[in-house]
Amino acid sequence: MTIRHAHETDLPAIVAIYNAAIPSRMATADLEPVSVESRLAWFRGRSPVKYPLWIIEVDGVIGGWLSFQAFYGRPAYHSTAEISIYISPAFHRCGLGKQLLRNAVRESPSLGIKTLIGFIFAHNQPSLKLFTGFGFQQWGHLPKIAELDGVEGDLMIMGLRIAPVV
């Protein structure tokens with residue numbers, strides 16, 4: 001497995017992995033597939049030195065990705081980042097999410113990030129278990145904030161304070 005910074009040429013694979021998560025209603029509040037073109041600005045908003053977008057490859061195949069993004073867009077939150085992880089269905093339960101999250105926690109200090117936040121549907125038990133396994137705690141619970149095919153769903157805010165490097 002190799003984790004590396006994403007290139008714009010990876011965007012079709014990144015979008016395909018994201019779109020594959022939509023039908024399950026487990027990992028995204030998008031209800032329809034997104035296009036590569038619609039994700040260009042998002043992609044270009046990532047920066048290897050502050051808000052990276054990493055992909056994980058297995059034998060040259062992109063199996064998943066993790067992105068950092070600014071939290072709430074206000075200057076006082078500059079050392080907090082929201083992270084998102086998406087894994088291709090072909091690689092579910094293969095440990096790629098663990099590898100990506102481990103890397104995110106380890107690299108956060110070098111990115112100037114002191115706090116990581118994840119927004120996870122309450123019914124997404126695999127993701128909640130993954131984040132909890134890395135020390136994330138429930139910092140918020142937004143009941144019935146999402147409507148997925150007529151079913152209201154809760155959103156959990158999971159947070160981790162990154163220990164300073166000494």
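This briefing describes the aromatic ring pairs of the structure above. The model is predicted, so local features need pLDDT of at least 70, side-chain atom pairs count only at pLDDT 80 or more, and totals for chains, interfaces and linings use all residues. Residues are numbered from 1 along each chain as its sequence is written, and side-chain values use heavy atoms, with hydrogens and water left out. Across the whole structure, a search finds eight aromatic pairs (rings of Phe, Tyr and Trp, the last by its six-membered ring, with centres within 6.5 Å; planes under 30 degrees apart are stacked, over 60 edge-to-face, the rest tilted).

**Tyr-18 and Tyr-86**
- The ring centres of Tyr-18 and Tyr-86 are 5.0 Å apart with planes at 65°, so this pair is edge-to-face.
- Because Tyr-18 belongs to helix H1 (residues 11-21) and Tyr-86 to strand S4 (residues 80-87), the pair ties together parts 68 residues apart in sequence.
- Tyr-18 counts as buried at 8% relative accessibility, and Tyr-86 counts as buried at 10% (buried means under 20% relative accessible area, exposed over 50%, partly exposed in between, with a 1.4 Å probe and protein chains only).

**Trp-54 and Phe-68**
- With centres 5.2 Å apart and planes at 80°, the rings of Trp-54 and Phe-68 form an edge-to-face pair.
- Trp-54 is in strand S2 (residues 53-58) and Phe-68 in strand S3 (residues 61-70), so parts 14 residues apart in sequence are tied together.
- Trp-54 and Phe-68 are both buried.

**Cluster and charge**
- Tyr-18, Trp-42, Trp-65 and Tyr-86 are linked into a cluster by ring pairs.
- Arg-39 lies over the face of Tyr-18, 5.4 Å from the ring centre, and over the face of Trp-42, 4.3 Å from the ring centre (NZ of Lys or CZ of Arg within 6 Å of the ring centre and within 35 degrees of the ring normal).

Notes
Helix = DSSP H or I, 4+ residues; strand = E, 2+ residues; numbered from the N terminus.
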